[in-house]
Amino acid sequence: MTLLHAENLVVARGGVPVLEGLSFKVAAGEVLVLRGPNGVGKTSLLRVLAGLAPPVKGRVESEGAAYAAHSDGLKATLTVRENLAFWAELHERPVGDALERMRLGALAERQAGSLSAGQKRRLGLARLLVTGRALWLLDEPTVSLDADSVALFAGVVRGHVAAGGAAVIATHIGLGLEEARVLELGPFRAVERAAPGGFDEAFL
Ligand SMILES: Nc1ncnc2c1ncn2[C@@H]1O[C@H](COP(=O)(O)OP(=O)(O)OP(=O)(O)O)[C@@H](O)[C@H]1O
């Protein structure tokens, strides 16, 4: 079953096309890793896939996705448990075992604002579990995570796809998900973006 279908996408940021000619499908049970140098357009593409920004051209079809980005969208004054309860209510779902699965049990009564960067990240990822969405769109999900937490995260993704979910993940590091398909975005850079004289925009 296809959970995401992107067709002939042109993706812009700030009105400037950054990626073009992108077509791909993501099926249940699949992990697609987006790769490419800083500024190539991974975040911009994920925002379009999540429906947060429209594509300049092309189409995105999905049944809706859970999106997790740099700003985790956590409520700083609520506890870890309350944050998850808030998200669960929003999605009309039970909190279930999200706390335990992201090893947040011991931090359940702490205010989210007092967590370390990595702990906040784990809470942001626990949020995905309570959305009940089959498709996860993840922007650099392992930033601030230590090696154990990266492995924990990879295990949660593996469990999610084994249960019929799918994930699209922008990341610079290897996640140890051998089954993941990799989409290199470099070849899809929008031509208009290339400055004359071979100027390398990657260093802007
Ligand atoms: N708000 C914005 N307005 C205009 N241009 C932007 C904006 N945000 C990002 N850009 C530009 O759009 C291009 C794509 O950025 P994007 O964040 O999608 O890249 P990325 O591949 O996710 O990068 P990174 O690996 O550094 O996270 C970059 O050239 C960037 O400078």
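Colleague: Taking two strands as paired if DSSP finds at least two bridges between them, what order do the strands of the open sheet have?
Modeller: The model is a predicted one, in which local features need pLDDT of at least 70, side-chain atom pairs count only at pLDDT 80 or more, and totals for chains, interfaces and linings use all residues. Residues are numbered from 1 along each chain as its sequence is written. The open sheet has 3 strands in the order 2-1-4, with antiparallel pairing; helices (H or I, at least four residues) and strands (E, at least two) are DSSP runs, numbered from the N terminus.
Colleague: And which strands stand at the edges?
Modeller: Strand 2 (16-27) and strand 4 (57-62) do, and each has a single partner strand, so one side of each lacks a neighbour in the sheet.
Colleague: Over how many bridges do strand 1 and strand 2 pair?
Modeller: Strand 1, residues 2-13, pairs with strand 2 over 9 bridges in the antiparallel sense, and within strand 1 Ala6 stands opposite Phe24 of strand 2.
Colleague: Switching to the ligand, which residues are around it?
Modeller: Arg13, Gly14, Val18, Gly36, Asn38, Gly39, Val40, Gly41, Lys42, Thr43 and Ser44, each with its C-beta atom, placed from the backbone, within 6 Å of the ligand.
Colleague: Where does the largest share of that shell come from?
Modeller: From helix 1, which contributes 3 residues.
Colleague: Is helix 1 mostly covered or uncovered?
Modeller: Mostly covered, since 6 of its 8 residues are buried, meaning that 20 or more other C-beta atoms, placed from the backbone, lie within 10 Å of their own. The buried residues are Lys42, Ser44, Leu45, Leu46, Val48 and Leu49.
Colleague: What follows helix 1?
Modeller: Gly51 does, with a positive phi near 80°.

How values were computed:
Two strands pair if DSSP finds at least two bridges between them. A residue is buried if 20 or more other C-beta atoms lie within 10 Å of its own, exposed if 12 or fewer, and partly exposed in between; C-beta atoms are placed from the backbone.
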